[in-house]
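Have a look at the sequence and the model below, then read on.

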Amino acid sequence: MTDGKTFSDADRRWMERALDLARRAEAEGEVPVGAVVVNETGLLGEGWNRNIGLSDPTAHAEIIALREAGHRLNNYRLPRCTLYVTLEPCAMCVGAAIHARLERLVFGAVDPKTGALGGAYSLPAAHRHNHELAFAGGLLEQEAAALLRDFFRRKRQGSG
């Protein structure tokens, strides 16, 4: 985790884009999570949760964004790339980020139930990987957390 002072203006702009994609997921009845993959040239891939719509348990925002970036670069490795995601990724998505050799991962809200970057546990802390993923959390955390909280509140009330 990190304090908000260590994030750049570019970090904030990319997380805002991820939040826009999270809102798209919500509009489609999906859990509101959005993700973008960028490098020094700009946007390489983007995604929003589509598990329900695609009937695909792997259709997390991060996986979709990573796939698109890989296709755009014609490479399964994404060095010098950063993944921005509105919610702390699960083990599947952290594993994919490590295998993609991402340089950095930035997330918004902490996920204390399934987050694999310190929220529930830390997959990188296993130190068994041949790639070290730099990561930071808490960027626009309140906005990301509010999207999720409101979404699940409506679900519990039966209006969504």
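## The largest pocket

The largest pocket holds about 270 Å³ of space. A pocket here is found on a 1 Å grid over the protein atoms alone: an open set of points where a 1.4 Å probe fits, with protein on both sides within 12 Å along at least five of seven lines, and its lining residues have an atom within 4 Å of a point. Points are joined across faces, edges and corners, and the volume is the space filled by probe spheres set on them.

This is a predicted model, where local features need pLDDT of at least 70 and side-chain atom pairs count only at pLDDT 80 or more, while totals for chains, interfaces and linings use all residues. Residues are numbered from 1 along each chain as its sequence is written, and side-chain values use heavy atoms, with hydrogens and water left out.

Which residues line the largest pocket? They are Val31, Leu87, Ala109, Val110, Asp111, Pro112, Lys113, Thr114, Glu141, Ala145, Leu148 and Phe152. Helix H5 (residues 141–157) gives the most to this lining, with four residues; helices (H or I, at least four residues) and strands (E, at least two) are DSSP runs, numbered from the N terminus. By class, the lining has eight nonpolar, one polar and three charged residues. Ala, Val, Leu, Ile, Met, Phe, Trp, Tyr, Cys and Pro count as nonpolar, Asp, Glu, Lys and Arg as charged, and the others, Gly among them, as polar.

## The second largest pocket

About 200 Å³ of space lies in the second largest pocket. Its lining includes Val31, Leu87, Asp111 and Thr114, each of which is also listed for the largest pocket. Asn49, Asn51, His60, Glu62 and Cys90 are among the other lining residues. By class, five are nonpolar, four polar and three charged.

Is strand S3 (residues 82–87) largely enclosed or open? Six of its six residues are buried, so S3 is largely enclosed by the rest of the structure. Buried means under 20% relative accessible area, exposed over 50%, and partly exposed in between (1.4 Å probe, protein chains only). Val85 belongs to S3 and is buried, with a relative accessible area of 0%.

S3 pairs with strand S1 (residues 34–39) in the antiparallel sense over four bridges, and Tyr84 in S3 is the bridge partner of Val36. Two strands pair if DSSP finds at least two bridges between them. S3 also runs parallel to strand S4 (residues 104–109), joined by five bridges, with Leu87 opposite Ala109 in S4. Together, S3, helix H4 (residues 91–99) and S4 make a right-handed β-α-β unit: with the strands pointing away from the viewer, the path from the first strand over the helix to the second runs clockwise.

At 31% relative accessibility, Val110 is partly exposed.

## The cysteines

How many disulfides does a search of the whole structure find? The search finds zero, where a disulfide is a pair of cysteine sulfur atoms within 2.5 Å. The sulfur of Cys90 is 3.8 Å from its closest cysteine sulfur, in Cys93, which is too far for a bond. Both residues are buried: Cys90 has a relative accessible area of 16%, and Cys93 has 0%.
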